[in-house]
Amino acid sequence: MAETSAGIARRAPRRGLRAPSQWAGELWIGVVILGVVFLAAVIVSIVPFHDPFAISDDAYAGPSGSHWLGTDNIGRDSFTRLALAGRTSLVISACATAIACLLGMLLGVIAGYVGGFADHLVMRVCDVLLAIPAILVALMVRVIVGPGTIPLIISMGLIYMPTFARVMRAPVLALRDRDFVVAAEIAGTPRRVIMFSHLLPNALTPLFIQAAATASEVVLLEAALSYLGQGVQAPNPSAGRMISEFAKFMQTDPWLVILPAVLIVAISAAWNLIADGLQATLAPRRSAPSGNRRRRSALRPFVGDAVLSGAAVVADAPALPSADPEPQLIEKGTGQS
Amino acid sequence: MTDTRTPALEVRDLSISYGETTVVQNVGFRVAPGEIVGVIGESGSGKSTVAMAAMGLLPPAARNESGQISLAGMPMTGLSEKEMCRVRGARAAMVFQEPMSALNPCMTIEAQIAEVLTIHGLSGKAAARRRALELLRLVHMPDPELKRKQFPHQLSGGQRQRVMMAMAVAASPELLVADEPTTALDVTVQAQILDLILELRQDIGLGVLFISHDLGVIAQVCDRVLVMYRGQVMEEGTPDQVLHHPQHPYTAALLASIPRASQRPRTPLTVIGGTFRVGDRLSPGDPAGGGANGPAAGPEPASAEPDRPVLLEATQLVKSFKLGRRRTLRALDDVSLAIRQGETYGVVGESGSGKSTLAKVMMLLARPDTGTIQYRGSRVDPGGTRRDIEDYRRNVQMVFQDPNDSLDPRYTILRTVAEPLRAVGLGTEETRHRVERSLAAVGFDAEVLSRYPHEFSGGQKQRIAIARAMVTEPSFVVLDEPTSALDVSVQAQILNLLLEIQQRTNVTYMFISHNLAVVRHLSHRMAVMHHGAVVEEGVAEEVFRSPQHPYTQRLLASLPELERSAEAS
Amino acid sequence: MGSYLLKRSATALLVLITLSVLVFSLVRWIPGDPVASFVDPNNPDPEQIAAIRHSLGLDRSWLAQYGSWISEAVRGDFGHSITQPYSVGEQIRSRLPVSVELGVLATLFGVLLGVPAGVASAVWRGRLPDLVFRIGSFAFLAIPAFVFGTFVLLVNSQTLRLRLIGYVPFSQDPLANLQRMVVPSLLLGLGLAALVCRYVRGTLLDTLGQDYIRTGRSKGASPARLVIRHALRNALIPVTTIVGVQLAALVGGTVVIENVFALPGMGNLLITAITTTDYPTIQASILVIGALYVAINLVVDLLYPLVDPRIRVVR
C-alpha cells in the first residue's frame, strides 16, 4: 500500500504571509499608508530640503514649489515637520510594540506552558497592570523620568506588555494539552524546544494581530500625551502637539490643524487595517464566507479515504459549505477525567 | 413494505448539491408512523444532508436539484422560511449528536422545553412549564423537579440528550429526525437512550429517521435500514436482510471491515476497496462477501501463553485529582496489572473510568500518588533510578485518538516522525534513513517527507502517527483509542497495520478503547475499568464469553451487537 | 457566586493597593531631591528645605510615610498643594463629580450605541447596515477624541455657535450642565461604542454558528427570536469583560477630553499639576482617577453573573 503523490488528496496551499497575492485588501492598504509615511520620513531625513527648526519670515504660507504643504506660524516648513512627526510616531509605535510584544510573548509562553505558581504570579501582575489606565502609567513615568521619546517608548512597552502576555498565554494553554505536544514530551523533546518549536509558532497568529492593534493604540496615546504637552517635547515635531499649538489659529488657517490630524488618523488607521488584514489573511474564520475552514474537517475524511480505496477522486470539488454537519465518527464522550 | 397510512415522511428522488458537488443523489424512502428507519453510512455518505433536508435545515449554499419531501402528506419543498418555522418543532423534530453544545447554556431546561410549546402557540406560559415537567418525567429524567430549574452545564451528557428528546416530543410531532443521537454517549447511556426512543415510538406513534454510523445500533432499533454511499442509497431492507444477507457489495464490504465476535481475533479485517454503484450485486465467491461469515472462528493458537515473560508490571497505582475544595476524584484506585512481552493488553472502560489516566501514568506523563511501575524488573516510577527511567522512556511510545490533534500542523512529516529520534542522537543521514524505513512500514514513500499534516486524510495521519511511534523501535506502545475518530473502513486498515507490526517486531501494546468489539479483536488479555478500579482482568476471549463482574456483564449487555440481532432473528 | 464576588473584590483591592504604592513611591523615584526644585538653588535655605521635606513627609521611614499617607488619603486628606494655595482634598471633591459624570455618560453612550450597532451589523451581515456600522466603528477607532473634539469646536464656532466649553454644575442648572457635558461624553463614548460594536458583531456571529442555535431552529424559532432570545445573551457574555477592560481607555480619555473642553475635572487637575510639578496633587489625582476606574470596572464585573448563569450557579 505504498503511497505516492497521487495518493495524497491535494497539496493545499499553506496559510501564511509568504504570498502577497493572498493578502486581504485591508492589509495592502495599511501597508501602503505606512509605506508612504515611512518614505516621506526617509526623504526628509536624508535630503533635508528645509531645516525643520529654522524660523523664517515666510509664516502662514500656502502650498508652493518650495513649501509643498506651506509653512506654520513661525515660518517652518510644514511638510518637513509633518514627515518628521510621522517618523516619530512610527518609531514610537513600532519600538514600544516590539518591546511589549517580546516581553509579553516570553512571559505568556512561560506562564502558559510551565503553569502552576509561575502562571499565577505572571497573570496576577498582568491583571493589576491592566487595571491601571494606560495614560496614568505613562504620566507616572513622565513624572519620574521626565518627558521625551525614550520614556514614552519605555512606558508604553510596559503598559502593553500584559496584553501580549495574555494573548500569548491563551493559545499556549490550549496547545499545551494538544496531543502533538504530549507526543513531543513522550519523545523526550526538551521543554525549551517544545516551547519555542511547537507552542510558539502555533500561537503566533493572534500575537501578530494584537501587535498591529497595539501599535495603533500607541499612536493614539502618543498623540494624546503630546497634545497635553506631556509627550514629545518642543521643538521636535509631533502631530499631537501641533494640534494643540495651532488650535488657536484654527479659524484663520485650518490646514495647520487638519494636516496633523490627518497624519494621526492615517497612521492609526493603517495599523488597524493591518490588524484586520492579518486577521483575514492568517485566521480566515469570519471573513471567509465560503467556509474554507470547514473544508478540511467536513470533506477531508471522505476525500482522503476515497482516494485511499482507489476510488474516483473528488478532491478538487468545491468546499462543503460551513453548516454541513456531516459528522466525523468521533467518540467525543470518551474523554477522560 | 406496504403501508396504506400516510407516511410520516416521504422523500422522493431527492438530489442536493453544493456548487458542483452532488452530495445526495436520487434518494427516496418512506417513514411510516411508528416506524424507525435507519440510515447508515461513513463520513461523506450524505446521510446527515438527508436528515437536514428532511427538517428544512440545509445551509443556504445547498441547492435542491430535484425531488420532493412531504411530511405527513404535506409537501415541504418550496415552503418559505416562515412556513418552515411553523412545521419545525411542531410536526417534525430533531435530536443532534452533541448533547454538550446543543442546548442553550443561558436558559433553564424548563424554559427550553416550554419554548417549543409557546413558539407554536400550543399553550400559555404557565401551562407550558407544567407540561415541561411532565415531559421530563416522560423521558425518565431523574429528579425532574430539581433538574427543570437547572442549566445545561449542570447535567450529564445522557441527561442532556434526554432533555433534547423531551423538547423533540413536546409538540407531539409526526416525525423525529435523530442524527447520531448516541454517538457521543457511553455504551450504557446509549442503551438507555435507545430504549427511550423505542418507548416513545411505541407510545406516541412517532416516525423516526435514525442516522448512524454504528451498524450495531441500527440493528438494534431500526425496522428498516438504508445503506448510503457517496450520496446514493446502495441497499435498503430490514436489518436482518441488510446486515446478515447483504445483496450489495458495498454493504458486504462495510460489514466485513468491522471486527466481530464470530471472526477469529487478530486476523486481518477486510478493507473496503474499489468503487460501488447503485444496482451492483454481490457475486457468489466474492472475497468481501458473506457479511457475517468472516474467516472461520476457531481456537487461537498462541492465545496469551502464561509463560511469556512479564514486560511491565504496575502495582497498586493510586492517583487522585482535587475537584474543588473538598471533593477529590480517585481516577486510579489501587490498580495492579501485568503486561507480558509481545502481547496486546486491552483496557476497556467508559468515560471517567480512569483508563486515560492509567495511560498517562504508564507513560510517566503523570505521577501516581502511590504504587510502583516496573519495567523488565526495575522500578521506573518516580521512585526508580534515573538510569532506569531514562531507559524506559526510550522504550515506550504512544498513539493518540485524534490524528488531527497529534501532529503539529507546522512540522513536516520528516520532522514529525524524526522527533522521537532526537533523544537517541543520530546523525542527519541515519535519522532520515530511519524515518523513511518507519514510513515505508506504514505504507508511505519517501516523497511525503517534506509535506505537512493538513495534506493528508484522517486515516493517513493516523498511519503517520504510528510511524512516529515505531521509529525508535520501542518495546511498549500505548494505543489510546487509536481508531475512535475514524470511519470503520479506515479503522480496519489501522487495525490490520497494528497487527502486522506486532507480528513483525513483537512489540507489546496496551490498547485502550471504549469499543468492545475492537478490543476483543486485538487483545490477548484485557482489563475492564470502572470508577478508577480494575473490576475484571483476564484472557480477552474468556472475559467476553463469561464475564464475572456485574459491571462487565452490564457493559456487554448494553452493547448493541450485530450477532445478537442475528441470534434473535 | 459568593466566591466570585469575593475574588473580584479582592482583585480590585489588590489593584488599589498596588496603585497607591506606585503613586506613593512616585515622589521617591524622581532622580535628585524633589525638594530642590522649590528652593533657590543659589541660596538654599535649610529651614525652608526642612519645612518642605516635613510637609512632604520625607523625614520619616518609607513605611511610616506610606502608612500615614494612605490613611489620610482614605479619609480624603491629601495634604496641601505645594504650588497652589489650596487643599488637595477640596480640589478633588469639587472636580471629581465632573469626571464621574463624564465617565458614566460616556459609558452609557458607548454601550447604548455600540450594542445595537453590533447586533444590526451581525444580523444584516454583508449588507448596507453592516457596511455603514463597520466603516463607522473603524473611523471612530482611528480618530482620537481630542482630534474629533477640536474639529467639533471649529465647526461649531463657524456655524451653530453653541456654548460647548466650560462647565456648569448639575445642581445649579441641570439643562446647561447636560448641554455642556453631552458633546464631550458623546465623543468619548463613540470610541467605546466602536469597540463594543466590533466585539458584539464578532461574538454574535460566532454565537449564531453554535449548535444550540441549530437546535433553536429545529424547534421552529423565528430568526428574530433566535437572535434575541438565544444568541444575544450568550454573545454579550464575552463583551462584558471587554467593556470592563476598555473602560481603562475611556478613563484615560477623560483626562484628554477635559483639557479640550476646559472641563474642571480630575484630568484637567492632573495635567495642570504635572506642568507645575505639584507632587501632592499629582499623587492624589492619579490615585483618585485610578480608583474611579477600578470602581467602574468592579461594578461591571459584578453585573457579570446576572448575564452568565454559569457563574451564578456553582455545580
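Author: Helix 4 of chain C and helix 11 of chain C make a right-handed crossing (the near helix is turned clockwise from the far one by less than a right angle). Helices here are DSSP runs of H or I with at least four residues, strands are E runs of at least two, and both are numbered from the N terminus. This is a predicted model, where local features need pLDDT of at least 70 and side-chain atom pairs count only at pLDDT 80 or more, while totals for chains, interfaces and linings use all residues. Residues are numbered from 1 along each chain as its sequence is written, chains are lettered from A in the order in which they are written, and side-chain values use heavy atoms, without hydrogens and water.

Reader: At what angle do the axes of helix 4 and helix 11 of chain C cross?

Author: Axes are lines fitted to C-alpha atoms over the stretch in contact, and angles run from 0 to 180 degrees between N-to-C directions. Here helix 4 (residues 88-123) and helix 11 (residues 279-307) of chain C cross at roughly 35°, and their axes come within 11 Å.

Reader: Which residues of helix 4 and helix 11 of chain C meet?

Author: Contact means heavy atoms within 4.5 Å. Helix 4 of chain C brings residues including Ile92(C) and Leu96(C), and those of helix 11 of chain C include Ala284(C) and Val288(C). The residues of this contact divide into eight nonpolar, three polar and no charged (Ala, Val, Leu, Ile, Met, Phe, Trp, Tyr, Cys and Pro count as nonpolar, Asp, Glu, Lys and Arg as charged, the others as polar).

Reader: How much area do chain A and chain C bury between them?

Author: The size of an interface is often given as the accessible area lost when the parts come together. With a 1.4 Å probe and both parts summed, chain A and chain C bury about 3,700 Å², 77% of it on carbon and sulfur atoms. Chain A gives 34 residues to the contact and chain C gives 46 residues.

Reader: How many salt bridges are there between chain A and chain C?

Author: Side chains of opposite charge can pair when their charged atoms come close. The rule asks for a side-chain nitrogen of Lys or Arg within 4 Å of a carboxyl oxygen of Asp or Glu. Between chain A and chain C the count is one: Arg198(C) pairs with Asp276(A) at 2.7 Å, N to O. Over all chains, the structure holds 34 salt bridges.

Terms used:
Buried area is the accessible area (1.4 Å probe) that two parts lose on being put together, summed over both.
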